[in-house]
Structure formats: structure tokens, C-alpha cells
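Here is a protein model for you to explore. Please take a look at it, and then we will walk through some of its parts together.

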Amino acid sequence: SQQNDNDVDSVAQRVRRRRVGRGGRERRPTSSQREGASSTATAGGVGSRAGTGGGARGSGNGEDELPRPPRRRHRMYLRGSSSNSSSSDWYDDDDDSNDDDAEMGSYSIRSRRRRAMPDQVEEEVKSELKAIQEKEMPKHDFHVVRELINRRYGGGVSGRRIFGTGVSRCGPQFSQRYYSSLHTVQRLELMATLNYHTGCVNSIGFSSSGDILASGSDDLRVGLWDWNREKLLCGYRTGHKNNIFQCKFLPMSGERHVVTCARDGQVRLAEIKEATVRSDRQLAKHKGASHKLATMNSRPQVVLSAGVDGEVLEADIREPRAHTLTISTDNSGSRIALYSINVNPVNNNQYCVTGRDQYVLVYDRRITTPTAPPVLKYCPEHLKESRPRPNVTCAVYSTNGDAILASYKDDDIYLFDTASSCQENNYAHRYSGHRNSATVKGVNLFGPRSQYVMSGSDCGNIFIWNRETEAIVRCFPGDENGVVNVLEWHPYVPLLATSGLDSDVKLWVPSCEKMPNNETLTQTVEENLRERRNSSSDVVDLSDSRMIMRIWDHMRRMQGDRAGARGGEGSGRSLNDLLRDNDDDDTDENGDEDNPFSGSPTARHLQCATQ
């Protein structure tokens, strides 16, 4: 079609611009130079400069033109494509029609790469899979009859009703033991879906009492839910200009203050009263995107925000402007783009940040010098000198502050013991089997005493590990579009809320009557391990075809929302236009791309949902 021809022409123009020299014209060998190079190759000699006998000169500048060496053909195939796929399944950036040079290309199709995969890599996959399977499964330690008897005769504290939820918190021993039991984790099933947003839901969070659930989305809206009745209490459009990355309640009485951060760098505060937004104002502004927020119970009026400018800003809602708390830098002195921040729940003076660096950095807010080094740094020993440098997509404290849980891109999840005082500690536990590559995924702990580790995966499943044994105790599908990025647990009752590329929020409760089986767990883990090695190799390859379709659907949905906001403009636009718009949205005000993995040699991923 004409639209496809235009796309191909634009690609050809970009390729031609790469070939243009400093003089402003394309440097190509002349006909005499090509004949001289051909005769030299036929004679079997090694010519140091082609065209020396012909004495040909480039037209226009009077200088000898050197022939260009034969270019290798670069092909990028869609994963999952068959060997007899049509020419539309691949893109060739070389106009040479000689297919013999394809074997010399630096990129190859996925099927060819799999056939050429060394046996050693397959052995490593099998070995790691066996190690995961040999993890000791925890035993059931919650027996309902015994626990009911203990609650009846030795429960101690009288019951107290949680306002608005219809749930009684009677006897902390009984409720907490049930919440943290293996029975609860293994019998989680979908209870309800909350539908309001039209874009990816990048953030969810419960209020301090657990009565209200807040959700933020790419559609620039925030929804406040009575999750128990599955009812939307209030939905409003924020003052942000780009994707909302997180929304949180301030731990203040009344649950009326909601703070948000977004790709536009703003940190905004909205005051809600009687399901109406009374005020909405800006608290702080980063030089680039702001991905995460943190609040403190000891200082409920204060909000900490982390941005890709490497700064942590502290904003007090009672003061007119925010100030810089810390500036994170790597070993070379360059600023680290930050994508996560979390406050120690026991010692609110300490907080950890992570981003485009392999270290989890712990700072003390009592140190007032912004450029002061961190008080602690955590990183697995084998990742300290790894190249390319790994990235930490998210890090959180445990409920009692005795551990930090960190999720690494294209690697595993690591738990660090904060009780150890030595610098640059190695990890205490490692959780494997999932895959964190296509989107920026969060990680969290489940249970009153953080007994379980949970994370989403590129395969579309939710993984739950036992914290001590590192065994996978549950793996189940969590998102129709295939990726779960955010997981939040209720502070009092066994309820899990998740969101991802879907435009809804899903609620999970332990109501499954029969024990679900994990028949496909072995196959899922093996595919994740193999795909991780494929993506971490030096061969540039696109994501699998399913992920491409999900990202393409997301881009079309976002383009439709923007077109509607502009009064219908932008309909019928080409793929190049959509990609160009998406690139424009990913560019910060200072010109840096808002992408935590732009330094990676692999293909650029869509930034969606960071937690």
C-alpha cells in the first residue's frame, strides 16, 4: 500500500543519512574503483587501496574517494516467525540483494540462534532449573480447628471492627497466622476487577486503614475505590501532562490527601472531600520523569520523590517549595537515574533508592549534604563487575526493616540482610524462575511479617516464593495482556491487588476450594530462563511476537486517547508517526531519554508501569 511504501522510504532515507560523509554527499566507490577492486580480488592479490590504478576522483571535490567495504546485511526477525515466513516478517537495512552476505550479518533469526546455541548454555538452563526444583517446599503450619480453639480460649485481645470493610480483626494471633499461612497463598483466586481507566494502570495503593484503594494510570486519571463493594468513590483528572507512575495516600487522618508523580516530573497533591477534588497543586518538579514516591508515618506531611535526574526531593505540604535531599552518583561521579525509593518502616530516617546502577543505595536523611555518599550499598558479588551494568528496577524494605528486597533486570530477585553492618553486602536469599525484561516490574513482600516474596513476570504469571526456602509456592496467570507490573497487599486482611498492561485493577483472595496444581510451572520456568539468556546475549533481537502485539496495542490505545483529547486529530497515522510520538513522549526536558535501560545493547523496551 501507499502507507507501507512511505514507511519503507522513510527507513531508506535514514539509512542513507548514515552513509553520508562530512562533505554532505554520500561516499560510494566509483565504477573504476569497483572494477579495480574486482580485478584485484580476481588476481588473488591483497590491495591496500582500491582504484589506485584507475586514478578515479570523486566528482565535485577533486579528492580520491575510497571504496566502501562490503556492508554486512543486518536483519531483525520477529521472534516466533517460521523459517518460511514472508519477506514482510523481517526488515533489511541494506539495499544489496545478494543473500550470500546474510551469513555474515551481526544479527540472526531466533530459530537459527537457537540451533547454534552452545550445549553449555542448555546445560546451564537445565542445571538452574534443577536447582529451583530442589528448593525445599514449606510445610503447612496453620490448622484451622486448633487455631479456632486457641482464639476461643486464648485469643487474648477482643475483636475490633475495621471501619467500612465488614471485617473483624479479632485476635491478632489468629488473623496474622492465617494471613501468613501457606494455605492463604496457595488458594488465591480472582475476586473482582475494578474498571475505570482507559490506559495501563501503573500504580495502586491502599490507605492506612485499608478501606480505600487508589489507582493511577496512563490516562492521567486517579481512581479511589471502595474495594469491598467494588465501587468507584471518586475519579478525577490530575494536572499531570504525561503517564502517572505512582499515587499514594498521605498517612494522615481522614484519608483525604493523595500525592502523585508522573513522567512529566511533577509531584502533585490533591485534597479530596466528599468525593470531590477541593484542590490540586504542584509540590515539586524534577528535571525529568519522577517514578516513585515515599511517605513516612513519623512525618505524615512529608513526601519523598525520586527522579531520573538522580535527585531525591523532600516536599512538605506546609511549605511553598521542595528541597533536594540527596544526589545519587555512581563510582565515576555521574548521576544515577533513579526509579525506586522506599523508606525504612522502623527507622524513618533511612531510605533506599535504586535505578540505572547495580547497587541498592541507602541514605540517612539526617545527613544534610546532598552530595554525601550513601551510608550503605548492597549488590550481589557476581554483579558488581558485570557488563553491561545491570539495573535495579525496584527495591522495598520488609515490614520490620530487617531486609531489603531488590529486583534486577534480566536477572533474579535478591534479598539483603540490613542487620549486617559491613559495606557492599552480598545477598542472603535469591529467588529465580521469573523474567524481568520487557517492562519495568515491581517487587513486594506478602504477609504481616513479610513471609513471602512476589513479583510479576514477562510470561504473564504472578510468582510467589517462600522467603526462607526460596521455593516457588504459587505461580498463576495475572494479566490478560500478559504482564503484571504492580502488586500491593492489604495491611490487615489477606487481599492482593495487582495491575499491569491491562486497564483494570484485579483483586485476589484465598477463596479457591481446591488446591490449584502447577502443571505448567516447570515449562514456564524453563522458558523464562532460556529467554533471559537469549535477551542478554550480544545478538540484538526483538521481544517475542506476543509482547510486540501488546506494546503495539498499548501505543494504539494511547494514540487514540491523545487524538480524542485533541478533538479527533491524528487518526489514520502511520506506524512511523506512532513510534515518533512515543519517542517524543520518552524524552525529558533536559534531552535525556526517560528509559532506565537505554544503555543496554538490547532493543529498546517500552517503559510502562514502574513499581
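Is Asp357 buried or exposed? Asp357 counts as buried, because its relative accessibility is 6%. Here buried means under 20% relative accessible area, exposed means over 50%, and partly exposed lies in between, with a 1.4 Å probe and protein chains only.

## Before we start

This is a predicted model, in which local features need pLDDT of at least 70 and side-chain atom pairs count only at pLDDT 80 or more, while totals for chains, interfaces and linings use all residues. Residues are numbered from 1 along each chain as its sequence is written, and side-chain values use heavy atoms, with hydrogens and water left out.

## Salt bridges

Let us stay with Asp357 for a moment. Asp357 forms a salt bridge with Arg389, and their closest N and O atoms are 3.5 Å apart. A salt bridge is a side-chain nitrogen of Lys or Arg within 4 Å of a carboxyl oxygen of Asp or Glu. Arg389 lies in the loop between strand S21 (376-378) and strand S22 (392-397), and Asp357 in the loop between strand S19 (350-355) and strand S20 (360-364), so the pair ties together parts that are 32 residues apart in sequence. The strand and helix names come from DSSP runs numbered from the N terminus: helices are H or I with at least four residues, and strands are E with at least two. Arg389 counts as partly exposed, at 34% relative accessibility.

The structure holds 28 salt bridges. Another one joins the side chains of Arg430 and Asp411, at 3.9 Å from N to O. Arg430 sits in strand S25 (residues 429-431) and Asp411 in the loop between strand S23 (403-408) and strand S24 (413-417), so this pair ties together parts that are 19 residues apart in sequence. Arg430 is partly exposed at 26% relative accessibility, whereas Asp411 is buried at 13%.

## A link between distant parts

Which residue meets Asp412 in a salt bridge? The partner is Arg532, at 2.8 Å from N to O. This pair links distant parts of the chain, 120 residues apart: Asp412 is in the loop between S23 and S24, and Arg532 is in helix H8 (residues 521-536). Asp412 is buried with a relative accessible area of 0%, and Arg532 is buried at 6% relative accessibility. Salt bridges that share partners also join Glu122, Lys126, Glu526 and Arg530 into one network.

## The sheet from S14 to S17

Now for some strands. An open sheet is formed by 4 strands in the order S14-S15-S16-S17, with antiparallel pairing. Two strands pair if DSSP finds at least two bridges between them. At the edges are strand S14 (290-295) and strand S17 (323-327), each pairing on one side only. From one strand to the next, the twist averages 25°. Such angles run from 0 to 180 degrees between N-to-C directions, using axes that are lines fitted to C-alpha atoms, for helices over the stretch in contact.

Inside this sheet, strand S15 (residues 302-307) pairs with strand S16 (residues 311-316) in the antiparallel sense over 5 bridges. Val303 stands opposite Ala315 in S16.

## The sheet from S26 to S29

Another open sheet of 4 strands has the order S26-S27-S28-S29, and its pairing is antiparallel. Strand S26 (443-446) and strand S29 (472-477) stand at the edges with a single partner strand each, so one side of each is left without a neighbour in the sheet. Neighbouring strands of this sheet are turned by 20° against each other on average, direction ignored.

S26 and strand S27 (residues 452-456) run antiparallel and are joined by 4 bridges. They form a hairpin with 5 residues between them, and Gly447 in the turn has a positive phi of about 110°. In S27, Ser455 is the bridge partner of Val443, and Met454 is the bridge partner of Asn444. In a regular strand the side chains alternate between the two faces of the sheet. In S26, Val443 and Leu445 point one way and Asn444 and Phe446 the other way, and all are buried.

## A buried asparagine

Where does Asn243 lie? Asn243 is in the loop between strand S9 (231-237) and strand S10 (244-249). Asn243 counts as buried, at 7% relative accessibility. Its side chain makes a polar contact with the side chain of Asp218, at 2.9 Å.

Technical notes
Polar contact = N/O pair within 3.5 Å; in protein donor to acceptor, adjacent residues only side chain to side chain.
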